[in-house]
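Here's a quick briefing for anyone meeting this structure for the first time. Have a look at the sequence and the model, then read on.

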Amino acid sequence: MPVDHPRATASSRRFRSWRRRTLAAALLATTIAIILTCAIPYLFFSPPPTLVSFHPSFNSSRDARQRVSLPAPLVSLPKPLSPPPARRSSDVKFAGNDHLKIRCSIVADLPAMSPDEQLLYARLEIENPENAPLDSEDADNELYAPLFRNVSVFRRSYQLMEKILKIYIYPDGKRPIFHTPNLRGIYASEGWFLKLMEENKKFVVKDPTKAHLFYLPYSSRQLELAIYVPESHDLKPLSHFLKDYVNNISSKYSFWNRTKGADHFLVACHDWGPYTTTAHEEFRKNTMKALCNADVSEGIFVRGKDVSLPETTIRTPRKPLRFLGGRPVSQRSILAFFAGNMHGRVRPVLLKYWEKDKDMRIYGPLPNRVAREMSYIHHMKTSRFCICPMGYEVNSPRIVEAIYYECVPVIIADNFVPPLDEVLDWNAFSVIIAEKDIPKMKEILLGISLRKYVSMHDNVKRLQKHFLWHNKPEKYDLFHMILHSLWFNRLNQVQLQQ
């Protein structure tokens, strides 16, 4: 005969509910204790020794006479939070992705750090070769290693930039010189960067106390149009205008005086960009400058601190990617091509030696009879090498044009720092010829084997994505590459605590 079980009373049900809650709380407390026990010892890393430059491949690729020696920081940064005692490598061993998880937990705590502490943390992360990328999902096919000096360093630095970097844009300054981007022509790089920076919500902050960098949002092209007196050859009014602007910024805000302008930057593509900074000593010496006219011989552009800005010619701002691409190697019948005005010291020499050569097409301005049969752009799309000589200044928009049309650029400009040189290995996809070697140019180009050329051509095609402007910026595009070089060079000025 079945036995009837009495129904549970209200008190017994409350007892069982209380017991379940107690067990759950105990389990949660135990879990938290285990996590804290494992994580706390690794909240901070012991800093490695101070390095002269924190992209070792940059120094190692050059002889001792050419190595970059960076200046001491212009302002002493506060000491980072005290790290735990140094530990032996045998003290703790992580399995699988445990180390990655711990480092990601530190990144989650980054907002609690000051901007200076965040920069120190980022530099330590980048300099430690044992650190894997923070984002293990970063697919290898997004970055092609042969294009970079050190692709692992670039990947770590780029990911940290995305997680950390904050920029304050000064609202001061009247239009059209300030806050008015020029998106067309050979000076379009400064305009596109200004436009995309002011539209950006990821990196830009309204609170300047949270910023790592401070942007001076003026256009060197608009400065010329507004102030320069045509045919006067006098740049002093332009430099004095910017001197007054900087003095106003430094008196109105405390941030310039804190670092003497070392964490401030400008982006200028006009040939006169460097010269407009000379009237203000701190502006010229300390401020980071992204310049198309990246000439190290004049004492204004400093390699390792300043950024060589790519000079992009944009003909149609609504369609900045128009005309991209070129013919395959098998359909590139012209050995080398150049057409342009004969200004500066290099171009007349180029024309003197190679104008009549049958294998190369070297012109002054492209003759009408030639242009009717084959346009300037079509010449670049069907040439193996595109000659990019300096004009009045060392920079040339032909370098990026060559990349757009998948033509290997040949750079002829002594003292010129190629664009984004901090991270890109220009030997992988370009030919750099000294001005004195122009008479040997054909010999140098013919000396490149077909296998080597095919590799360089493929590298140019892969490089193209890093030199494109998008109305909505994309990962690793030109906007982000310029921003990364500013971030990277700023970190390069941060001195590690011994």
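What follows is a short tour, from the whole protein down to one residue.

This is a predicted model, where local features need pLDDT of at least 70, side-chain atom pairs count only at pLDDT 80 or more, and totals for chains, interfaces and linings use all residues. Residues are numbered from 1 along each chain as its sequence is written, and side-chain values use heavy atoms, with hydrogens and water left out.

**The whole protein**

- The protein has 17 helices and 10 strands; these are DSSP runs numbered from the N terminus, with helices (H or I) of at least four residues and strands (E) of at least two.
- Of the 498 residues in the protein, 51% are buried, where buried means under 20% relative accessible area, exposed means over 50% and partly exposed is in between, using a 1.4 Å probe and protein chains only.
- Take the contacts (heavy atoms within 4.5 Å) between residues at least 6 apart in sequence: 73% of them join residues at least 24 apart.

**The five-stranded sheet**

- Five strands make an open sheet in the order S7-S6-S8-S9-S10, with parallel pairing; two strands pair if DSSP finds at least two bridges between them.
- S7 (360–362) and S10 (431–432) are the edge strands, each with a single partner, so one side of each has no neighbour in the sheet.
- S6 (residues 334–338) runs parallel to S8 and is joined to it by three bridges, and phenylalanine 337 sits opposite cysteine 386 in S8.
- S8 (residues 383–389) also pairs with S9, again in the parallel sense, over five bridges.
- Among the partners there, isoleucine 387 goes with valine 410 in S9, and cysteine 388 goes with isoleucine 411 in S9.

**How covered the strands are**

- S8 is mostly covered, with six of its seven residues buried.
- S9 (residues 408–412) is mostly covered too, with five of its five residues buried.
- Val408, Val410 and Ile412 point one way from S9, while Pro409 and Ile411 point the other way, and all are buried.

- Helix H16 (residues 450–463) lies across S8, S9 and S10, running at about 95° to S9.
- For these angles, axes are lines fitted to C-alpha atoms (for helices, over the stretch in contact), and angles run from 0 to 180 degrees between N-to-C directions.

**A helix pair: H4 and H5**

- Two packed helices are described by the angle between their axes and the distance between the axes.
- The axes of H4 (residues 115–127) and H5 (residues 151–164) come within 9 Å and cross at roughly 160°.
- H4 and H5 are therefore roughly antiparallel to each other, a label for angles over 145 degrees.
- Gln118, Tyr121, Ala122, Glu125 and Ile126 in H4 meet Val153, Arg156, Ser157, Leu160 and Ile164 in H5.

- Serine 485 is found in helix H17 (residues 478–492).
- Is serine 485 buried or exposed? With 0% relative accessibility, serine 485 counts as buried.
- Setting aside neighbours within four places in sequence, serine 485 is in contact with Val307, Leu420 and Glu422.

Conventions: Parallel < 35°, antiparallel > 145°, perpendicular 65-115°, else oblique.
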